[in-house]
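Please consult the sequence and structure shown here while reading.

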2 protein chains.
Amino acid sequence: MNTADSILQTALSEFAERGYSGTSLNTIANEVGIKKPSIYNHFKNKEALFEAVVKKVYVDYMQTLKIEIDKAPSAEAGLKSILWGLANYLSDAEEGKFYMRYILFPPEALADVVNRTFMQFEEDCNKLFLPVINRLELSPDVTDEEALDALYCLLDGWTVQTLYYSHDIVLRKREASWKVFMEGVSRKESKGS
Amino acid sequence: MNTADSILQTALSEFAERGYSGTSLNTIANEVGIKKPSIYNHFKNKEALFEAVVKKVYVDYMQTLKIEIDKAPSAEAGLKSILWGLANYLSDAEEGKFYMRYILFPPEALADVVNRTFMQFEEDCNKLFLPVINRLELSPDVTDEEALDALYCLLDGWTVQTLYYSHDIVLRKREASWKVFMEGVSRKESKGS
DNA sequence: GTCTATATACAGATAGAC
DNA sequence: GTCTATCTGTATATAGAC
């Protein structure tokens, strides 16, 4: 890996962990094994470095989503495996943590570029998710758009919860909310009552 | 309002907006109308100030939850109004924004105190929510605990979404995910199929 | 309790030698 | 492309006068 990539990767990790203001270029340089001024040979300044990380994360997350969708089987089990894959990516990969932190709390001066990049990301997501939703046997009471909205809410809830619950509890909560979601969107067979 | 309270309130707002490292005591002092060293007459240092804000937010959020639960009517409509009230509090009040930011991304050195405080908070929440869940006519397929887990997931999803969607879209998404949630947890009447 | 003045540390960024 | 040296600004925090 060349120096620029090392800086990028280290910056990603530090920004995700300590926040933009909490991360110093000195720390990044030390971890990479260079001196601080050398960073400026690869990136114009701290803001430009941050923006480069944003773009990298966008590409990386998109790729992960595509992989998860491709390897998924069909209908319900497929959707579940896609969501699980995404939730795990967001909680485990440093790219995922970075994504979560800065879509929610972008540094003031960089909010614009962050928002534009990640909003574009969600549009691309929609295109990938809708066909999967279509393969489900939806309840006649629920439209595709409602199912998609509820799906994002589910995923957003999961990703938040990975930030502050232990792994065991996260898994339990995912199963429960997944079950309720599927009960809510699925075509009902009359089960007595 | 006395000086200590002014500092506390201003710190809450600045921390919520700019993050811990991104907030300087100088800014806080200016906004309060005093000089920076005066802050140290009321709080030992920046960390102590932050901890005081955490405690304040805990008390404030708990109070909001109690108020929402007390004024709610019964069963389904009641639960909906409670959740709406909480989601609005989290998205509109500065206390809510602070809560969201630091339960998700506490500054490294203060993670312990943040986690202890907010975990205590959730235990108290459970005690308040369970009776409300009990008043619903739950589907025989869903346990109380599952419904509660799914409920928190719903609320977590909503609160995240208030951070990056416009108000209109937030409302649409809430309605959709609420509908799917209620479909999922409610006792089914056989509607043909 | 509030201030001015200051100590100390470290941040981002640049100049210029190699 | 990397370094040493340095500029400049600003951060937290304290000492001590009023």
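The points below treat the protein interface and then the DNA strand.

The structure is a predicted model. In it, chain B and chain A bury about 4,100 Å² between them, and eight salt bridges are counted between the two chains. DNA strand D is surrounded by 16 residues, and among the closest are residues of chain A and of chain B.

**Extent of the interface between chain B and chain A**

- On each side of the interface, 43 residues take part: 43 of chain B are in contact with 43 of chain A.
- Carbon and sulfur atoms give 60% of the area of about 4,100 Å² that is buried between chain B and chain A.

**Polar and charged pairs across the interface**

- Of the eight salt bridges between chain B and chain A, one joins the side chains of Lys179(A) and Glu146(B), with an N to O distance of 2.9 Å.
- Polar contacts link 16 residue pairs across the interface of chain B and chain A, with both residues of each pair at pLDDT 80 or more.

**Make-up of the chain B side**

- Four helices of chain B each give two or more residues to the side that touches chain A: H6 (94-104), H7 (111-134), H8 (144-164) and H9 (167-185).
- The greatest contribution comes from H8(B), which gives 13 residues to this side.
- Sorted by class, the side of chain B that touches chain A holds 19 nonpolar, nine polar and 15 charged residues.

**Contacts with DNA strand D**

- The closest of the 16 surrounding residues are Lys35(A), Ser38(A), Asn41(A), His42(A) and Lys36(B).
- Sugar or phosphate accounts for 59% of the atoms of DNA strand D that lie within 4 Å of the protein, and bases account for the rest.
- In chain B, the side chain of Tyr40(B) has an N or O atom 3.1 Å from a phosphate oxygen of DNA strand D, whereas a polar side-chain atom of Lys36(B) lies 3.5 Å from a base oxygen.
- Helix H3 (36-39) of chain A, helix H2 (25-32) of chain B and helix H3 (36-39) of chain B each give two or more residues to the surface near DNA strand D.
- That surface comprises five nonpolar, eight polar and three charged residues.

Methods:
Residues are numbered from 1 along each chain as its sequence is written. Chains are lettered from A and ligands numbered from 1 in the order in which they are written. This is a predicted model: local features need pLDDT of at least 70, side-chain atom pairs count only at pLDDT 80 or more; totals for chains, interfaces and linings use all residues. Side-chain values use heavy atoms; hydrogens and water are left out. Contact means heavy atoms within 4.5 Å. Buried area is the accessible area (1.4 Å probe) that two parts lose on being put together, summed over both. A salt bridge is a side-chain nitrogen of Lys or Arg within 4 Å of a carboxyl oxygen of Asp or Glu. A polar contact is a pair of N or O atoms within 3.5 Å; within protein, one must be able to donate a hydrogen and the other to accept it, and residues adjacent in sequence count only if both atoms are side-chain atoms. Ala, Val, Leu, Ile, Met, Phe, Trp, Tyr, Cys and Pro count as nonpolar, Asp, Glu, Lys and Arg as charged, and the others, Gly among them, as polar. A residue is near a molecule or strand if one of its heavy atoms lies within 4 Å of it.
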